[in-house]
Structures are given as structure tokens and as C-alpha cells.
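Please read the points below with the model open beside you.

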Amino acid sequence: QVQLVESGGGLVQAGGSLRLSCAASESIGSFVVMGWYRQAPGKQREVVATITSGGTGNYVDSVKGRFTISSDSAKNTVYLQMNNLKFEDTAVYYCHARRIFIWRTDEYWGQGTQVTVSS
């Protein structure tokens, strides 16, 4: 069973930075896409940023220019660099990975890491 372990969350003041890490128990090259989602209290989980196995990153409009997703295949780790954090970025952030087979698609989630931005 694939395991995704997030780290790097915490409490930061508005305008500050954090870097989230997601360490995978298997080669990240085996996933067609990995990404970060977040869920704020009372809201649905939303995608924040994704990165394909080819290295293409995509972002939700609200974080463009502030967040950067990257990967390190040698460490089997995906990162989310978050700069100029805003109060509305406060949420639990989850790492996600998708692996596609001919006969099925497998989805994997981490346990989540809390990011709290104080205004």
C-alpha cells in the first residue's frame, strides 16, 4: 500500500512562508500526477496545485504567483513552497497521488498537515 507522509505545516503570520513536503513510500515516477489539496473548516476539499510525472505544474487561481509545486525523484518527495501566505490559506493540506493502470485508477492520500495563517 502506498503511503504519503506530509510535513512542514504550522502557524505563520500573514505574508510569511512555509514549505510542505510529501514523502512517498514508492517511486513518484510511478504516479501520473501528484498534488496538494486543502480543506478549510466548513468547506469542501479543493485542489491547490498538481504536478505531472513530466514535471508540469498547475495551480488554482488563488495561489498563482505565490505557491510553487516541485518534485525530487531521488527523494520520492513532492514539495509545495508557499509564499506571501494569506489568512484564507488556512486549511488542512493533503498530499495526493494518482496511478493509472489499464484496468483501474488508484488514488492515494496523505493524512494531512495543518497550515494556520494568522492575520
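1. A charge sits over a ring if NZ of Lys or CZ of Arg is within 6 Å of the ring centre and within 35 degrees of the ring normal. By that rule R45 lies over the face of W109, at 4.6 Å from the ring centre, and the charged end of R45 also sits over the ring of Y94, 3.8 Å from its centre.

2. This is a predicted model, in which local features need pLDDT of at least 70 and side-chain atom pairs count only at pLDDT 80 or more, while totals for chains, interfaces and linings use all residues. Residues are numbered from 1 along each chain as its sequence is written, and side-chain values use heavy atoms, with hydrogens and water left out.

3. Strands here are DSSP runs of E, at least two residues long and numbered from the N terminus, and two of them pair if DSSP finds at least two bridges between them. Strand β9 (residues 91–100) runs antiparallel to β10 and is joined to it by five bridges; the two form a hairpin with four residues between them, and R99 stands opposite D106 in β10.

4. Rings of Phe, Tyr and Trp (its six-membered ring) pair if their centres lie within 6.5 Å, and planes under 30 degrees apart count as stacked, over 60 as edge-to-face and the rest as tilted. The count by this rule comes to three aromatic pairs. In one of them, the ring centres of F31 and Y108 are 5.9 Å apart with the planes at 65 degrees, so the pair is edge-to-face; it links F31, in the loop between β3 and β4 (33–39), to Y108 in strand β10, 77 residues apart. F31 is buried at a relative accessible area of 1%, and Y108 is buried at 8%. Y37 and W109 also form an edge-to-face pair, at 4.9 Å centre to centre and 70 degrees between the planes.

5. The structure holds one disulfide, a pair of cysteine sulfur atoms within 2.5 Å. C22 and C95 form it, with their sulfur atoms 2.0 Å apart, and the pair links strand β3 (residues 18–24) to strand β9 across 73 residues. The torsion about the S-S bond is about -80 degrees, so the disulfide is left-handed.

How values were computed. Buried < 20%, exposed > 50% of the residue type's maximum accessible area, 1.4 Å probe, protein only.
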